[in-house]
Amino acid sequence: MYSFVAKQFPTGAGCYLMRNAARRVIYVGKAKNLRRRLSQYFQESNQHGKVRQLAAEIASIEVYLVSNELESLILENNLIKRYKPRYNVMLIPDNSGYSYIVQTEEAYPRILAFRKNHASLAMRGDHPPQVDHRYGPYLSTMTSR
């Protein structure tokens with residue numbers, strides 16, 4: 001296990017990637033205060049077995065600063081989809097509830113609004129259309145208030 005000093009991390013909002021010794025991303029997270037959140041991984045008290053196991057595997061941590069919490073939420077979602085880290089298994093499938101816009105692979109492509117856990121009626125049925133491109137995730141307008 002490598003030692004990390006909390007002071008080396010910035011205090012702003014952002015995302016972090018934890019990599020093992022083989023440089024594989026094993027966990028992606030987000031925080032309002034990166035320094036405070038990352039320091040929690042290296043405190044012996046109040047750690048569950050899974051967190052202790054994760055902390056023992058960490059060889060390096062990369063941080064990405066963003067302007068606000070909403071940006072960190074979107075970035076975290078995209079990083080998890082990209083790297084598919086083993087400790088984020090619950091968030092790897094596209095069942096996050098975020099809205100996406102999809103373009104179908106039909107002779108006359110359609111643009112559809114789509115949420116995996118609330119699929120539009122056009123995406124349901126016996127033969128749902130193949131998706132050519134997916135854009136998003138998009139947050140609802142209610143989150144920007």
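## Salt bridges in the predicted model

E62 is partly exposed, with a relative accessible area of 22%. This residue lies in strand β3, and R23 lies in the loop between β1 and β2, so their pairing ties together parts that are 39 residues apart in sequence. The model described here is predicted, and four salt bridges are found in the structure. Side chains of opposite charge can pair when their charged atoms come close.

## The network around E62

R19, R23 and E62 are joined in a network of salt bridges. In the pair formed by E62 and R23, the closest N and O atoms are 3.7 Å apart. R23 is partly exposed, at a relative accessible area of 48%.

E62 also forms a salt bridge with R19, where the closest N and O atoms are 2.4 Å apart. This second pair likewise links distant parts of the chain, since R19 belongs to strand β1 (residues 14–19) and E62 to strand β3 (residues 60–65), 43 residues apart. R19 counts as buried because its relative accessibility of 11% falls under the 20% limit for that class.

## The pair R86 and E57

A further salt bridge brings together the side chains of R86 and E57, with an N to O distance of 3.5 Å. R86 is located in the loop between α3 (69–83) and β4 (99–104), while E57 is in helix α2 (residues 49–57); the two residues are 29 residues apart.

Both partners are partly exposed: R86 has a relative accessibility of 47%, and E57 has a relative accessible area of 22%.

How values were computed
Residues numbered from 1 in each chain as written. Predicted model: local features only at pLDDT ≥ 70, side-chain atom pairs only at ≥ 80, totals over all residues. Heavy atoms only, no water. Helix = DSSP H or I, 4+ residues; strand = E, 2+ residues; numbered from the N terminus. Buried < 20%, exposed > 50% of the residue type's maximum accessible area, 1.4 Å probe, protein only.
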